[in-house]
Amino acid sequence: MRNPLDVVSAETIRTLFPGIAVSIIVAVTAQFLADHYATPAMLLALLLGIAVGFLAEEGKAVAGIAFTSKTLLRVGVALLGVRVSMVLMIGLGPQLIALVIGGLIATILFGFLVAPLFGHKWRFALLTAGSVAICGASAAMAISAILPRDERSEERLIFTVLGVTVLSTIAMIVYPIIVNRLGLNPLEAGVFLGGTIHDVAQVVGAGFSISDAAGETATLVKLIRVAMLAPIVLIASIMIRNFAELPKNGKRPPILPGFVIAFLILAGLNSAGFIPVQVGEFLGQFSRWLLLTAIAAVGMKTNLRQILSVGGAAIALIVLETVFIAGLILAGIKILS
């Protein structure tokens, strides 16, 4: 007799496969173009996804695209935990660690302070400032998971992902020039780049364009910010549950999403040395591909007209938050030097 679970499983696979496959094709195409034209793969995946957005509106790919944009995205964020090593980060010293974490917290508070001046409320402030302060698109997607849902949730997320990716790309080009103009040494350069650029890939690109020492320091500093993802999400989630209004369906966001718990577990295992280097590298690359594929799916679900309607005030806010963290970290470096 046939197992009913096998039927359900096979049917689920048949339903989801077209959308997942389309998302993978877009992600692979984006990576190919990124490798040949020196453009961030995340940005290309988002733009290519937007270009084929009709696939998410009707047809066989709809369910798989929705699954990829949500479930596979969360798996990708969870696997970022294998990149975190507390042992290596502690080697930077307490002053630099305090500077990076202090800059991160100050940027989020700054976002809450200035967002009302641009006509935006706390949800958008947390989403943009959190993504700027922590780790770009990955942080935006993690924070979005704990925010109460409304009719503009998807719109805010897409805008933030697009904004931080574009700004991170600009920073990757401009910040090394600033480093050279200011005459920063490799340690200072690494702290500045790792403490200010939004996405990990752009941090690595900018750091190693200066020197190996600057690149290694920048990567470590960036991982401090990545490691702060779970604590910030936890604190924000508790505050939202206690002080924010309930959504119309009466359901509160989870106090800590499962994928953030998985992130913490993997970070702990890697810091304790339980994850072999080769396994960690494989999972790190797998995480990157999952996030790239998920970003492609998110792009397919994007209504470009709605995103453009966010307006110049939103652009000004995210740019101001970016300038704030850059100025704060640079000032801290000068004080400590």
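Modeller: Helix 8 makes the greatest contribution to the lining of the largest cavity, giving three residues. Please bear in mind from the outset that this is a predicted model. Rolling a probe the size of a water molecule over the atoms shows where empty space is left. Two cavities of 30 Å³ or more are present in the structure, and the largest has a volume of about 60 Å³. Its lining consists of Arg 123, Leu 127, Ser 144, Leu 147, Pro 148, Arg 149, Ser 153, Arg 156 and Leu 157. Two elements each give two or more residues to this lining, namely helix 6 (122-133) and helix 8 (153-182). By class, four of the lining residues are nonpolar, two are polar and three are charged.

Between the C-alpha atoms of Val 132 and Val 161, which stand 29 residues apart along the chain, the separation is 10.0 Å. Another buried residue is Thr 68, likewise at 0% relative accessibility; Thr 68 has its place in helix 3 (residues 62-79). The C-alpha atom of Thr 68 lies 15 Å from that of Glu 154, although 86 residues separate the two along the chain.

The open spaces may be considered next. The largest pocket has a volume of about 1100 Å³. It is lined by 37 residues, of which Arg 83, Val 200, Val 204, Gly 284 and Gln 285 are the closest to its centre. The elements that each give two or more residues to the pocket lining are helix 1 (4-37), helix 2 (41-51), helix 7 (137-144), helix 10 (200-210), helix 11 (212-227) and helix 14 (277-300). Helix 14 supplies the largest share of that lining, with eight residues. Sorted by class, the pocket lining holds 20 nonpolar, 12 polar and five charged residues.

Side chains of opposite charge can pair when their charged atoms come close. The count of salt bridges in this model is one, formed by the side chains of Arg 14 and Glu 11 at 3.0 Å, N to O. Both residues lie in helix 1, three residues apart, or about one turn of the helix. Arg 14 counts as exposed because its relative accessibility is 53%, and exposed means over 50%. Glu 11, at 41% relative accessibility, counts as partly exposed.

The surface also carries a nonpolar patch. Ile 105, Leu 109, Phe 112 and Trp 122 make up this patch, which has an area of about 350 Å². Helix 5 (residues 94-114) gives the largest share of the patch, three residues. Phe 112 lies in helix 5 and is partly exposed, with a relative accessible area of 33%.

Conventions: Residues numbered from 1 in each chain as written. Predicted model: local features only at pLDDT ≥ 70, side-chain atom pairs only at ≥ 80, totals over all residues. Heavy atoms only, no water. 1 Å grid on protein atoms, 1.4 Å probe; cavity = no way out; pocket = protein on both sides within 12 Å on 5 of 7 lines; lining within 4 Å. Points joined across faces, edges and corners; volume = space filled by probe spheres on them. Helix = DSSP H or I, 4+ residues; strand = E, 2+ residues; numbered from the N terminus. Nonpolar A, V, L, I, M, F, W, Y, C, P; charged D, E, K, R; others polar. Patch = residues over 30% accessible without salt bridge, like charges linked within 9 Å, V, L, I, M, F, W, Y side chains within 5 Å. Areas by Shrake-Rupley, 256 points an atom, 1.4 Å probe, with all protein chains shown as cover. Salt bridge = Lys/Arg side-chain N within 4 Å of Asp/Glu carboxyl O. Buried < 20%, exposed > 50% of the residue type's maximum accessible area, 1.4 Å probe, protein only.
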